[in-house]
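I opened the notebook to record what I looked up in this structure, going from single residues to the whole chain.

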Amino acid sequence: MNNLSAMNDRVARDLAATDRERAITHEPVPMDRPFAPYEELFPSRGALPPRAHARSDAPELSLDGTWDFRFHPAGPDASADAADAEWTSIPVPSHWQLHGFGAPAYTNRAYPFPVDPPYVPAENPTGDYRRTFAVPAEWDVERMLLRFDGIDSIGFVRLNGQEVGVASGSRLRHEFDVTDLVRRGGDNLLEVRVHQWSSGTYLEDQDMWWLSGIFRSVSLLGRPVGAIDDHFVHADYDAPSGDGILRVDASAPARVVVPELGIDVAAGETVRMPVQPWSAEEPRLYDGQLVGEGETIALRLGFRRVEIVDGVIRVNGAPVLFRGTNRHDYDPDTGRVVSEERMRSDIVMMKQHNVNAVRTSHYPPAARFLELCDELGLWVIDECDFETHGFFPVDWFHKLPGNPTEDPRWEPALVDRMQRLVERDKNRPSVIIWSLGNECGTGENLGAMARWTKLRDPSRLLHYERDWSCQYVDVYSRMYSTHRELELLGKRQEAPFPDADLDARRRDMPFLLCEYVHSMGNGPGGIADYQEIFERYPRLAGGFTWEWFDHGLRTRTADGREYFGYGGDFGEERHDGNFIADGIVFPDGTPSPALHELARVFQPIAFSRTPPGVQVHNKHDHRDLSHVDVMWELLVDGAVVDSGRGEVGAVPAGASAPVGIELPALDDTSGERVLTVRAVLSADTGWAAAGHEVAWEQFVLAAAPESALASGVSAVGDDEGILLGAARFTPQGRLLSLGGIEVSAPEFDTWRAVIDNDRAFSWEPREPRWREIGLHRPRHVVHGVTTDAEAIEVVGRLGFDGSDLGYRTRLRWTASADAVSLAVHAEPLGDWDVPLPRFGMRMALPEEFAEVDWYGPGPGEAYADSRTAARLGRWSRGVDEMQTPYLMPQENGNRIDARRLALSGAGRSLEIEAHTHVDFTVRRWTSEDLDAAQHPYDLRPSGRIWLNLDAGQSGLGSGSCGPGALPNAQLLPRTFDYAVTFRVR
């Protein structure tokens with residue numbers, strides 16, 4: 001049965017009755033004391049009812065460009081001469097803080113002023129905007145509308161000296177009828193006063209930069225006689241028959257014309273015909289027109305049906321799994337002013353990295369973004385411009401009056417916000433879920449928003465995460481659930497809700513994780529573990545990573561060095577630091593290592609080894625595999641020795657099939673043999689060219705034979721120390737040089753520059769205990785050095801100031817004619833109660849050894865719980881390319897499980913063979929330097945190359961907001977035994 005339809009009917013009936021009891025008025029609500037106009041709980045006035053975004057042949061005049069601007073940093077009435085403030089200019093759209101007026105500020109979960117809703121500080125930075133325009137002489141229109149697509153936080157609009165209205169709801173469209181105010185035969189003066197703070201600010205605490213101004217486009221719209229003010233496309237799809245069911249409602253007489261489908265009917269009529277449905281995987285759009293007497297509107301029709309069947313989200317009859325991400329409108333230079341090129345680039349990058357869904361956190365995006373989602377193919381959760389996160393720290397969610405979701409005085413403003421979201425975006429096939437908002441607590445006003453939405457558009461699902469009773473929604477949603485919690489949710493075994501009826505209703509719902517794997521700094525780890533759980537339980541509809549971009553703002557130091565600023569870099573008295581840098585794409589659009597990991601985890605095609613062949617598994621929801629080619633390569637010790645194309649047909653969604661691969665016979669004495677299988681696009685798409693890699697897998701067919709440590713050369717003592725083959729040591733057994741290359745002796749290293757997921761604010765803070773033990777200052781005491789015909793052996797104890805925890809250690813050096821080997825042995829001492837950051841050896845080489853080659857997983861950084869994207873191969877990078885420039889410097893650049901590596905420069909090379917796979921990092925500064933840096937510009941080359949050869953590091957987790965590294969990814973204190981051999985060429 002279709003549970004969603006029954007649910008919609010029941011909710012609509014039950015809640016419509018409540019609507020009659022809670023009449024909604026758009027009149028300002030009196031408060032306890034006088035307030036400024038921008039402090040009214042619902043200050044909007046004069047705006048027309050919201051309507052659908054449309055592309056029309058009716059005349060339109062863009063008012064974007066250079067406007068006159070006057071800034072009042074303390075508010076327009078702060079001084080007697082405020083009216084005489086100097087006029088200058090500013091671009092529209094833009095944020096005034098990014099043009100030298102005030103400064104950006106960042107807080108995550110606290111308002112940057114006293115919490116006293118709806119009042120805001122009297123020192124309210126204000127910008128006055130003005131420009132003139134003339135109506136084109138050729139316009140033959142009946143009416144004229146003035147449209148503002150976004151004003152932060154409130155705009156008071158005047159035209160030719162007369163009040164037009166007030167726009168409140170920063171990321172929402174407002175239109176005003178200015179027909180009677182426009183002068184058709186001359187210049188018109190448009191004035192807008194924008195206040196940084198307003199009552200609406202309390203509804204817009206959305207974990208982003210506080211930035212103000214007219215930041216989206218301004219337009220003058222001509223409305224001809226017979227214009228179509230609004231239209232609603234209903235493009236349903238019946239999967240069993242393959243038919244589309246189309247009806248387009250219009251506010252004026254019009255015809256619906258779709259030539260490709262042979263449709264020419266009156267608006268309001270229903271037609272049925274075979275179609276190819278729209279999905280994120282195959283975004284099939286049909287171009288048509290809505291033709292009225294005075295206006296023609298372009299239609300881009302996507303036929304699809306969204307429903308819940310037996311507790312599972314289905315689109316077009318098939319279950320869907322969201323491989324999603326959260327996205328703010330963002331640009332490092334222009335803030336929330338985002339060009340079409342940037343929007344398209346975002347979506348293309350998402351598609352290229354196997355992201356199939358986006359949640360528009362935490363407000364509706366620019367309208368063009370959703371059109372591009374229709375065109376390129378993304379499932380969309382479209383979210384209302386509503387978040388009151390700043391009430392959490394002061395517990396306002398339990399206070400009346402005050403909490404906007406519960407206090408009835410806020411109801412008109414909240415319902416208006418939901419209406420403006422839904423009406424603008426109701427014709428976008430990519431939008432399959434409406435979201436009431438984010439982190440706003442619970443309350444009956446959510447019910448009012450839900451009631452209106454259900455009655456207006458029952459064809460989509462309704463989402464809201466923070467009300468865990470799920471009283472008003474169709475989907476149970478949480479954020480940052482642990483892996484264990486997610487598994488219980490998949491089994492429908494989550495903790496019960498106190499109300500038995502609501503608990504039963506909720507357990508029947510599908511579940512989605514609207515935020516997870518918080519991507520702050522180096523991380524997240526554990527993505528693959530989440531995905532495995534998502535794919536195992538049908539109830540789970542997938543998740544949305546937090547988030548897409550690191551929101552650093554491009555800025556410069558006093559001496560001109562460019563960097564991306566975060567909270568506190570712009571003089572804020574109160575801020576939340578680099579918590580704004582929690583995305584999987586760097587501010588300049590460069591993918592972070594996390595995005596490569598995500599792409600690998602999200603890949604919609606999988607391969608498995610079934611000797612003597614390979615199976616392909618189609619994990620798409622809707623499409624077969626006729627759009628990809630399967631290629632294979634055979635590698636021996638990372639070098640390609642053979643390759644070919646595997647045969648695979650149109651494997652249906654959800655099915656598996658063998659891949660035809662014929663491998664050559666190789667000598668059993670060959671090195672490590674690895675088969676790489678890749679699925680690539682067979683033809684160009686709107687988001688990638690033919691040959692783009694969609695998925696890959698590797699299979700180790702034969703491991704490399706074990707190699708022996710260097711041996712056979714005896715140690716010789718002289719006046720300067722000990723000589724062992726090509727290595728020279730001090731009498732205390734400290735390495736001085738290798739093959740004539742001066743090095744610093746390998747030292748035990750138990751520290752990493754803490755990542756954000758380690759820090760004290762994280763959910764599972766490791767850093768405080770690590771520092772309490774003293775892991776950042778390891779001290780090694782040599783207890784004895786023995787030299788015999790076979791080796792130099794150094795025994796000792798690794799300890800930490802003030803702690804009885806430690807390691808009993810042994811370093812054993814052996815040599816052959818052309819090589820020197822080091823075997824490391826370390827046994828834990830004491831009762832350890834915390835995983836180690838890392839365990840290994842660190843040494844330094846001359847700075848010219850700056851080229852790195854290795855055989856092992858690569859090419860990017862990898863850690864115990866973030867290694868899925870690393871593939872076996874031979875890789876080469878300069879030492880500077882081995883660094884990942886996180887906005888706040890921290891541990892980075894680790895390469896995992898290396899078999900061999902070499903550092904070279906000035907005609908020489910130090911080759912290192914790992915007898916047991918090692919992790920390694922190479923950088924121009926120490927971990928201590930990295931730990932102390934606050935920005936990349938703090939890191940200065942030390943004059944040496946620092947090389948870590950480690951037994952391992954703890955995984956990353958996502959503890960900055962979520963669970964830490966899982967136990968299987970933690971570096972638990974244990975006995976470590978590993979060995980490497982050095983050769984100088």
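I began with the contacts of glutamine 970: leaving aside residues up to four places away in sequence, glutamine 970 touches Arg766, Pro835, Ser954 and Ala965. The model is a predicted one, and I read every contact here with that in mind. Glutamine 970 sits in the loop that runs between strand 60 (944-953) and strand 61 (976-984). Is glutamine 970 buried or exposed? Its relative accessibility is 19%, so glutamine 970 counts as buried, the cut-off for that class being under 20%. I also checked its distance to leucine 956, 14 residues apart from glutamine 970 along the chain, and found 8.6 Å between the two C-alpha atoms.

Next I turned to backbone geometry. Most peptide bonds are trans, and most residues other than glycine have a negative phi. Against that background I noted a cis peptide bond from proline 117 to proline 118, with omega near 5°; proline 118 belongs to the loop between strand 5 (105-107) and strand 6 (126-134). I noted another cis bond from aspartate 152 to serine 153, where omega is near 0°, and serine 153 lies in the loop between strand 8 (151-152) and strand 9 (154-159).

For phi, I looked up two residues. Aspartate 310, in the loop between strand 24 (306-309) and strand 25 (312-315), has a positive phi near 50°, and with a relative accessible area of 55% aspartate 310 is exposed. Asparagine 354, in the loop between helix 2 (340-352) and strand 28 (357-359), also has a positive phi, near 65°, but asparagine 354 is buried, at a relative accessible area of 11%.

How do helix 6 and helix 8 lie relative to each other? Helix 6 (residues 483-490) and helix 8 (residues 527-536) pack at about 5°, their axes 10 Å apart, and they are therefore roughly parallel. Helix 6 contributes His483, Leu486 and Glu487 to the contact, while helix 8 contributes Asp529, Tyr530, Ile533, Phe534 and Arg536. Sorted by class, this contact holds four nonpolar, one polar and three charged residues.

Last, I took the chain as a whole. I found eleven helices and 61 strands in the protein chain, and a C-alpha trace spanning about 100 × 70 × 60 Å along its principal axes. A compact globule of 985 residues would have a radius of gyration near 30 Å, and the 32 Å of the protein chain agrees with this. Buried residues account for 61% of the 985 residues.

Notes: Residues numbered from 1 in each chain as written. Predicted model: local features only at pLDDT ≥ 70, side-chain atom pairs only at ≥ 80, totals over all residues. Heavy atoms only, no water. Axes fitted to C-alpha atoms, helices over the stretch in contact; angles between N-to-C directions. Helix = DSSP H or I, 4+ residues; strand = E, 2+ residues; numbered from the N terminus. Parallel < 35°, antiparallel > 145°, perpendicular 65-115°, else oblique. Contact = heavy atoms within 4.5 Å. Nonpolar A, V, L, I, M, F, W, Y, C, P; charged D, E, K, R; others polar. Rg over C-alpha atoms; globule rule 2.2 N^0.38 Å. Buried < 20%, exposed > 50% of the residue type's maximum accessible area, 1.4 Å probe, protein only.
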